[in-house]
Number of protein chains: 2
Amino acid sequence: MSSLLQERVKCASLLKKIVKDARELVPLFKHGDYIGMSGFTGVGYPKVVPQALADHVEKNQLQGQLKFNLFVGASLGAEVEDRWAKLDMIDRRYPHQVGKNIQKGINEGRIRFSDQHLSMFPQNLAYGFYTREASNQKSPINYAIIEVTEIKEDGSLILAASVGATPEIIQKADKIILEVNTALPSFDGIHDIYEVVDPPHRKPLMIEKVQDRIGTPSLKIDMSKVIAIVESNHPDNTGGNTPEDETSKQIAKNLTEFLMSEVDAKRLPKELLPLQSGIGNIANAVISGMVDSPFQNLTVFTEVLQDCFLTLFEAGKLDFASATSVRLSNQGFDKFYADWENYKKKIVLRPQSISNAPELIRRLGVIAMNTPVEIDIYGHANSTMVNGSRMINGLGGSGDFLRNGKLSIMHTPSVRPSKNDPIGITCIVPMVTHVDHTEHDLDVFVTEYGYADMRGLCPRDRARVVIEKCAHPEYRPILLDYYETCLKKCLKAGSAHEPHDLGVVFKMYQNLQEQGTMRINKWW
Amino acid sequence: MSSLLQERVKCASLLKKIVKDARELVPLFKHGDYIGMSGFTGVGYPKVVPQALADHVEKNQLQGQLKFNLFVGASLGAEVEDRWAKLDMIDRRYPHQVGKNIQKGINEGRIRFSDQHLSMFPQNLAYGFYTREASNQKSPINYAIIEVTEIKEDGSLILAASVGATPEIIQKADKIILEVNTALPSFDGIHDIYEVVDPPHRKPLMIEKVQDRIGTPSLKIDMSKVIAIVESNHPDNTGGNTPEDETSKQIAKNLTEFLMSEVDAKRLPKELLPLQSGIGNIANAVISGMVDSPFQNLTVFTEVLQDCFLTLFEAGKLDFASATSVRLSNQGFDKFYADWENYKKKIVLRPQSISNAPELIRRLGVIAMNTPVEIDIYGHANSTMVNGSRMINGLGGSGDFLRNGKLSIMHTPSVRPSKNDPIGITCIVPMVTHVDHTEHDLDVFVTEYGYADMRGLCPRDRARVVIEKCAHPEYRPILLDYYETCLKKCLKAGSAHEPHDLGVVFKMYQNLQEQGTMRINKWW
């Protein structure tokens with residue numbers, strides 16, 4: 001046993017559970033097992049045991065013969081999730097995923113994926129909704145494989161860079177395997193672990209400010225469930241950041257302008273309200289753009305912290321951040337660990353049932369900002385699928401935040417390139433091909449051309465402002481033609497609340513497939 | 001002044017505000033005014049002043065020349081809302097409505113309607129989101145016209161059969177007009193009025209059981225805003241109940257069977273969890289069906305109480321009900337008033353920001369049950385629009401409950417008649433024409449043929465179970481043909497997470513328009 005490991009496992013009675021080689025654990029796992037893992041947005045996930053299993057499948061050519069039901073708060077690192085998918089080791093998967101091979105498996109019908117609001121996943125798991133056919137099992141989850149950075153004297157766990165659904169997974173697991181990551185410092189002090197009890201005994205979440213704590217730094221467990229402890233020394237595999245480009249910078253500028261106008265109109269305080277921001281280059285640009293904004297004493301209530309938030313801390317603009325995961329680049333993690341004592345006071349990591357709780361998002365008045373696949377002229381958004389059929393990553397927490405935030409903002413470039421047209425795909429369409437967020441949930445759309453403030457507008461008024469303020473100039477006349485002609489037809493038919501012609505509404509997609517561009521010549 | 005009125009207005013300083021004839025108030029109102037009214041699901045709305053305004057417009061042929069922005073918690077009685085619409089007195093309207101003429105006005109483009117989650121409407125009104133262009137006004141709402149049943153010594157108000165958005169409307173109004181309804185008994189003691197404060201100062205809602213009270217029986221107001229008090233003696237105009245038919249009884253039976261199986265599987269306690277039920281004959285049948293069920297000690301956390309809930313109280317099955325409105329038939333109200341002292345202890349009426357609060361619906365683990373316009377094979381629901389264009393009533397609180405409930409159930413007949421085919425319209429379609437509730441939000445669909453339990457299923461598995469368990473037998477092969485063929489095509493294209501063909505997906509609607517039935521012969 002390494003001295004590092006011994007230092008981290010402070011509970012004497014658990015020392016005897018240490019297993020030298022993860023390969024010893026491989027025979028435990030059976031085809032069809034229900035496996036829960038720690039991890040969220042590719043950090044805090046177990047690295048050693050899942051890879052030993054993958055090695056075993058690869059070496060013995062067991063592809064498709066050792067498939068699992070895989071439950072994780074959100075996405076894992078590619079070397080686990082994507083490799084498992086490539087080796088056909090995943091039957092069912094909830095509630096989110098990232099990776100080329102797992103997407104391929106889902107869209108080729110090999111992996112049964114269901115994306116869920118991230119706040120709902122842990123409770124539905126605890127309710128037994130995902131494991132109905134396994135209700136004769138003692139516990140809905142056979143094995144929980146959890147990354148920790150320390151085990152306290154009382155056997156409670158100090159998790160790593162994410163909390164996610166780990167408390168619920170641990171609670172519902174029959175057996176627990178712990179990976180103590182000695183390549184990371186102990187994260188003791190940054191977590192706030194609170195156990196959400198099922199109704200009818202659930203209590204109010206007593207958080208009124210982003211920095212409020214209601215739980216404990218460590219996760220208490222039933223020690224008798226722990227069957228093995230292994231050492232891990234692989235850091236989180238996060239790679240670099242998506243670079244900002246001119247378009248995302250312009251979007252960030254427009255969004256900041258909108259927020260400033262809200263402060264002017266006294267609908268927001270000058271320090272704003274807690275910010276939530278999704279992942280990606282626009283989100284990075286928006287948060288980084290805050291560095292040069294007049295805003296001070298900002299706070300963050302979000303699900304994942306990326307490098308841009310460190311930048312905002314360093315600039316003295318950000319007072320406190322609450323999330324369920326810290327997903328930094330390698331350089332970002334270096335900075336974070338180097339200034340650990342400082343960041344520990346300014347960051348709290350909560351379970352995703354808390355970080356994404358509708359109760360808290362609405363109470364705090366969060367400003368929610370996310371990037372969709374496409375949006376439509378009446379205010380619906382598609383966050384998950386191409387052509388209504390092909391899954392990308394899943395919903396994530398976007399619905400938790402957009403439904404409940406005080407301001408619900410979606411930002412996207414107005415166009416994307418197709419194979420043969422640099423502006424072949426318009427992100428603003430007559431009707432999105434999959435609705436993840438409805439017109440009842442969204443307030444403001446932002447593109448590089450401007451922002452459309454839809455609050456209080458009826459669908460007819462929304463359509464005009466979205467087309468005029470947000471669409472790419474090449475697509476404006478096309479969209480306007482659709483809207484104006486549908487309006488005329490629907491007025492005649494007495495059905496003009498939200499004018500549509502279902503016969504042609506998806507014509508642009510057909511054109512994209514056949515001609516490589518959504519720039520159609522005519523609708524009818 | 002009638003002795004009845006004098007008895008109800010207990011605040012001496014407000015007595016001088018009594019106006020004998022509502023017509024005296026008509027000159028106050030200007031074209032374009034922002035008017036807030038009490039009222040929710042056609043009860044508790046002002047009757048006298050709105051009708052005096054309508055008489056004025058009718059008599060002086062001012063149709064279209066005296067139009068208002070109308071803010072009400074939900075729908076008003078037909079003699080106000082529908083008459084105003086007929087007289088072209090409504091410019092903008094939020095967040096819900098009921099009535100032939102108001103729907104006509106919306107769909108003919110005269111009324112600018114935007115439907116909103118009922119829990120969000122009061123806060124967005126308070127935030128000033130609906131009155132952005134009036135932000136130079138002293139108050140966003142020019143006049144609040146509120147029905148009350150009593151005015152206490154301190155000037156605070158005892159509301160009537162609904163609370164709705166009245167607290168927020170009163171708070172944001174420049175001037176207040178009170179209608180004291182002396183045809184109703186005083187509702188003193190049934191309300192729990194709590195003022196939701198805007199972020200960043202909002203507090204947890206400290207309700208852990210449906211019967212918990214956190215507010216006061218009367219609504220405190222700034223008395224200096226009261227400009228007039230008029231007497232009203234019109235009861236709420238609610239009419240009778242929608243009768244139950246065989247189909248709705250069978251749906252109720254299937255739903256009860258599902259709930260019983262959940263109790264057996266220990267996913268629900270035997271007294272269930274608080275019930276929410278929408279309006280309509282299926283909802284009536286479901287709640288009435290509980291009388292003969294084995295369930296005891298039921299509780300209700302919903303937005304509106306209908307006659308069927310009284311039946312459940314009378315049967316000794318229901319312990320307590322929380323709502324924002326009591327919308328009973330005339331006979332129902334007679335029973336309710338006759339047993340007032342008893343019902344006052346078993347019913348609480350809250351503001352809609354509380355009755356529909358995501359925070360409470362999730363905490364209490366509400367069982368949400370609502371009827372859609374149509375549902376689709378992948379688990380989306382349309383609650384508001386025909387053909388994606390023609391508005392019916394609006395979303396109401398369905399989204400508040402379906403997103404946040406422990407169980408989210410939608411019940412519908414499998415088919416409806418078209419003009420020339422008794423089963424010409426299938427309520428289960430490949431893709432709904434408007435999405436109000438997403439696949440991420442719904443757990444169970446119920447029709448007269450059975451129930452589809454979609455929890456934990458990927459879209460491909462959902463499609464099969466929805467078609468097989470819920471669709472009408474005539475439509476099963478049609479829907480299965482769509483699904484199977486799309487699956488084949490999408491598997492080939494590597495986009496089979498949720499198989500669709502956008503080129504034909506709405507073909508049934510075209511057939512309905514052209515042939516009067518959705519029973520198509522072929523898709524391709």
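View 1. Between β24(A) and β25(A) lie two residues, and together the strands form a hairpin. Helices (H or I, at least four residues) and strands (E, at least two) are DSSP runs, numbered from the N terminus, and two strands pair if DSSP finds at least two bridges between them. Strands of a sheet pair through backbone hydrogen bonds, either parallel or antiparallel.

Residues are numbered from 1 along each chain as its sequence is written, while chains are lettered from A and ligands numbered from 1 in the order in which they are written. In this predicted model local features need pLDDT of at least 70, side-chain atom pairs count only at pLDDT 80 or more, and totals for chains, interfaces and linings use all residues, whereas side-chain values use heavy atoms, with hydrogens and water left out.

**View 2. An open sheet of three strands in chain A.** The strands follow the order β17-β16-β23 in chain A, and their pairing is mixed. At the edges stand β17 (381–382) and β23 (428–429) of chain A, each with a single partner strand, so one side of each is left without a neighbour in the sheet. Strand β16 (residues 374–376) of chain A pairs with β17(A) in the antiparallel sense, over two bridges. Which residue of β17(A) is the bridge partner of A:E374? The partner is A:N382.

**View 3. An open sheet of three strands in chain B.** In chain B, three strands form an open sheet in the order β17-β16-β23, with mixed pairing. Its edge strands, β17 (381–382) and β23 (428–429) of chain B, each pair on one side only. Two bridges join strand β16 (residues 374–376) of chain B to β23(B), and these two strands run parallel. Within this pairing, B:D376 stands opposite B:V429 of β23(B).

**View 4. The interface between chain B and chain A.** Contact, meaning heavy atoms within 4.5 Å, links 87 residues of chain B with 87 residues of chain A. The two chains bury about 7,300 Å² between them, 52% of it on carbon and sulfur atoms; buried area is the accessible area (1.4 Å probe) that two parts lose on being put together, summed over both. On the side of chain B, the residues B:R362, B:R403 and B:H440 lose the most area to chain A, together 11% of what that side buries.

**View 5. A salt bridge across the interface.** The side chains of A:R363 and B:E359 meet in a salt bridge (3.0 Å, N to O), a term that stands for a side-chain nitrogen of Lys or Arg within 4 Å of a carboxyl oxygen of Asp or Glu. Between chain B and chain A the count is eight salt bridges. Helix α13 (residues 358–364) of chain B supplies the largest share of the side of chain B that touches chain A, namely five residues.

View 6. Most residues other than glycine have a negative phi, and most peptide bonds are trans. In chain A, the peptide bond from A:Y94 to A:P95 is cis, with omega near -15°, and A:P95 has its place in the loop between β3 (90–94) and α4 (100–107) of chain A. In chain B, a cis peptide bond with omega about 10° joins B:P199 and B:P200, and B:P200 is found in the loop between β7 (173–181) and β8 (226–232) of chain B. A:N387, a residue other than glycine, has a positive phi near 55°, and A:N387 is found in the loop between β18 (385–386) and β19 (390–391) of chain A.
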